[in-house]
Amino acid sequence: MSLFTDFFSSIVPRKQTGKPEVIYLSGDSTYETDIVGEVNHQDTLEGLCRARLPGGVYQFETARLVVSDRVDSNKNAVRVEVRGRLVGYLSVADTIRYRRYLNAKGKSAAHGQCQAVIKGGWISSDGRHGPFFVALDLPALVP
């Protein structure tokens, strides 16, 4: 809508108030759902883990899945956040399944919450280091 229309219109668009509903998703503790885009958030992941270890880290966290209206030119993206910090996204295939799952539950605007594991992040004695990865423990979603 234009400024003129907004100013003179009797129909005011509603803004969502309050916190979104949260759906708790419980998997079978296999952590088989890998997220994508962690390569762009390695500093964030390192900050969450606090230290790299020679054998790498394996740190359990709680992840929030946020269906975005507009993210990186993909209006259907699902952000994965840990402690309120973006760490990556669901893959396209997992995003489709996740959104179908929410729609089937009648909760398309809800945020999901599940267990996650941050792994990797090793460091060698000569200072080389490996990347961090994130895997989610999601239930079987609608195919």
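**Entry 1: β3 and its partners**

I began with strand β3 (57–67), which pairs with β6 in the antiparallel sense over 9 bridges. For my own record, two strands pair if DSSP finds at least two bridges between them. Strands (E, at least two residues) and helices (H or I, at least four residues) are DSSP runs, numbered from the N terminus. I picked out one facing couple here: Thr62 stands opposite Gln115 in β6.

Next I looked at β3 and β4, an antiparallel pair with 5 bridges. There I found Ala63 opposite Val82 in β4.

**Entry 2: what kind of model this is**

I am reading a predicted model, where local features need pLDDT of at least 70, side-chain atom pairs count only at pLDDT 80 or more, and totals for chains, interfaces and linings use all residues. Residues are numbered from 1 along each chain as its sequence is written, and side-chain values use heavy atoms, with hydrogens and water left out.

I checked the confidence next (pLDDT is the predictor's confidence in each residue, from 0 to 100). The protein averages a pLDDT of 85, and 81% of the residues score at least 70.

**Entry 3: the overall layout**

I counted 3 helices and 7 strands in the protein. Read from the N terminus, the order is α-β-β-α-β-β-β-α-β-β. Of the 143 residues, 41% are buried, meaning under 20% relative accessible area; exposed is over 50%, and partly exposed lies in between (1.4 Å probe, protein chains only). I also looked at contacts between residues at least 6 apart in sequence, and 64% of them join residues at least 24 apart.

**Entry 4: strand β7**

How many residues of strand β7 (residues 132–137) are buried? I found 5 of the 6, so the strand is largely enclosed by the rest of the structure. On one pairing, β7 runs antiparallel to β2 (residues 33–34), joined by 2 bridges, with Asp34 opposite Ala135 in β7. On another, β7 pairs with β6 (residues 111–120) in the antiparallel sense over 6 bridges. Here Ala116 has Leu136 in β7 as its bridge partner.

**Entry 5: helix α2**

I then turned to α2 (residues 42–49), where Gln42, Thr44, Leu45, Leu48 and Cys49 are buried. Viewed down the axis of α2, these buried residues fall within an arc of 160°, so they line one face of the helix. The arc is that of the directions from the helix axis to the C-beta atoms. A handy reminder: an α-helix has 3.6 residues a turn, so residues three or four places apart point the same way.

What covers that buried side? The cover includes β3, β4 (78–82), β5 (85–89), β6 and β7. After α2 comes Arg50, and I noted its positive phi, near 75°.

His41 counts as buried because its relative accessibility is 15%. Leaving aside neighbours within four places in sequence, His41 is in contact with Leu86, Val87 and Gly88.

**Entry 6: the nonpolar core**

I looked up the largest nonpolar core, which has 27 residues. Such a core is a set of buried Ala, Val, Leu, Ile, Met, Phe, Trp, Tyr and Cys residues joined through side-chain atoms within 4.5 Å. Those with the most contacts inside it are Leu25, Leu65, Val80, Val87, Tyr98, Val134 and Leu136. The elements giving two or more residues to this core are α2, β3, β4, α3 (92–105), β6 and β7. β3 gives the most, with 4 residues.

With neighbours within four places set aside, Leu65 is in contact with residues including Leu25, Val78, Val80, Tyr98 and Leu136.

**Entry 7: Val78**

My last stop was Val78, in strand β4. Is Val78 buried or exposed? Val78 is buried, because its relative accessible area is 0%. Val66 lies 12 residues from Val78 in sequence, and the two are 5.3 Å apart, C-alpha to C-alpha. Beyond neighbours within four places, the contacts of Val78 include Leu65, Val66, Gly88, Thr95 and Tyr98.

Methods. Contact means heavy atoms within 4.5 Å.
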